[in-house]
Amino acid sequence: MASKIKIHSPATVANMVCGFDVLGFAVNEPYDIMYIEYKAEPGITIVNEDAYNLPTDPLQNVAGAALLALLEAYDKPVGFKLTINKQIKPGSGVGSSAASSAGAVAGANALLGNPFTKEDLVRFAMNGEKLASGVKHADNIAPCIYGGVTLIRSVFPLDIIKLSVPDLFVTIVHPQIEVRTADARSILKQQILLKDAIKQWGNIAGLVAGLEQGDYDLIGRSLEDVLIEPTRSILIPSFDQVKKISKELGALGGGISGSGPSIFMLSKNEKTAKAVQLAMGQIYDSIGLSCHTYVTTINTNGIQLMEAS
Ligand code: HSE
């Protein structure tokens, strides 16, 4: 068994527009790089190799919180050293905290000889989400661990379904502002109208059916959110323009990635995804806001673990 493991933990897009807290998918880029190894004494040591200055106290660090939950469930006293090199900017809306916490527990599980199931790992990693956002949501953690598109039918108890997915290209733009998930959750309405709920569950069901059947038109029609987007999109400069132009260029649809500020669009082919990327960059250039853009694909395998020396 390896004594040191290298972890590639992917970015994820939660909600998938209409599925607030219940749908999410993993992408091939960007991904965090981490190393986990045993240390002599029990407990967790965290070393940051990036410039984000995140806490190294395991109780204050999302990966630490996830590892502490795993250690509590493991019956022998062990210790880990986790070295984190984040490539996914915190607060960008593409599952930065989930990549850290899910990657850490997946790596620790492999070091221990895989005593835990994927569902256990989701349960441990949700402690990181609780620390980051105040809520144990699994729509970044689950796709990070399972890969592909996941439906979280229930969190308590956990019920995760990995969906089939046709070939899709994903364009992501990250305007360089930060939106904290906790803040983006705090502005949401706590009550919704039945007529809006009906539209929303029609779209969620349509999206799941469209993904399973590889029906691109149905996917596109279902990428509509009448509950969350109208409130949250106010936090994202030029959101409506990005969405409108992306669709005019042929994107199937898209919206806020997780709690934002990143926006994602799905396309059937790479050419469209790249045209969307160019247009997104031009929109933010025109208002003097710098941004990062990616064209990537759905990561169907989730976290990747490699033996390290
Ligand atoms: N479902 C969560 C939210 C995802 O939208 O608040 C956060 O990444």
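Helices (H or I, at least four residues) and strands (E, at least two) are DSSP runs, numbered from the N terminus. This is a predicted model: local features need pLDDT of at least 70, side-chain atom pairs count only at pLDDT 80 or more, and totals for chains, interfaces and linings use all residues. Residues are numbered from 1 along each chain as its sequence is written, and side-chain values use heavy atoms, with hydrogens and water left out. The protein chain splits into domain 1 (4-163 + 299-307) and domain 2 (169-297). These bounds come from an automatic or database domain assignment.

**Domain interface**

- The centres of domain 1 and domain 2, taken over C-alpha atoms, are 24 Å apart.
- In domain 1, 30 residues are in contact with 38 residues of domain 2; contact means heavy atoms within 4.5 Å.
- About 2500 Å² is buried between domain 1 and domain 2, and carbon and sulfur atoms give 65% of that area. Buried area is the accessible area (1.4 Å probe) that two parts lose on being put together, summed over both.
- Val17, Cys18 and Phe20 supply 26% of the area that domain 1 buries against domain 2, more than any other three residues.
- The interface of domain 1 and domain 2 has twelve residue pairs in polar contact, both residues at pLDDT 80 or more. A polar contact is a pair of N or O atoms within 3.5 Å; within protein, one must be able to donate a hydrogen and the other to accept it, and residues adjacent in sequence count only if both atoms are side-chain atoms.
- Strand S1 (4-14), strand S2 (23-39) and helix H3 (118-133) each supply at least two residues of the side of domain 1 that touches domain 2.
- S2 gives the largest share of that side, seven residues.
- By class, the side of domain 1 that touches domain 2 has 17 nonpolar, ten polar and three charged residues. Here Ala, Val, Leu, Ile, Met, Phe, Trp, Tyr, Cys and Pro count as nonpolar, Asp, Glu, Lys and Arg as charged, and the others, Gly among them, as polar.

**Salt bridges**

- Side chains of opposite charge can pair when their charged atoms come close.
- The count comes to eleven salt bridges, each a side-chain nitrogen of Lys or Arg within 4 Å of a carboxyl oxygen of Asp or Glu.
- One salt bridge is found across the interface of domain 1 and domain 2.
- Arg185 and Asp21 meet through their side chains in a salt bridge (2.7 Å, N to O).
- Arg123 pairs with Glu119 in a salt bridge, with the closest N and O atoms 3.0 Å apart. Both residues lie in helix H3, four residues apart, about one turn of the helix.

**Ligand surroundings**

- Asn15 places a polar side-chain atom 2.8 Å from a nitrogen atom of the ligand.
- An N or O atom in the side chain of Asp21 is 2.5 Å from a nitrogen atom of the ligand.
- Arg232 has a polar side-chain atom 2.7 Å from an oxygen atom of the ligand.

**Backbone features**

- The peptide bond from Phe156 to Pro157 is cis, with omega near 0°. Pro157 sits in the loop between strand S5 (149-154) and strand S6 (159-163).
- Gly260 to Pro261 is also a cis peptide bond, with omega near 10°. Pro261 belongs to the loop between strand S8 (253-256) and strand S9 (263-267).
- Met16 is not a glycine, yet has a positive phi of about 50°. The loop between S1 and S2 holds Met16.
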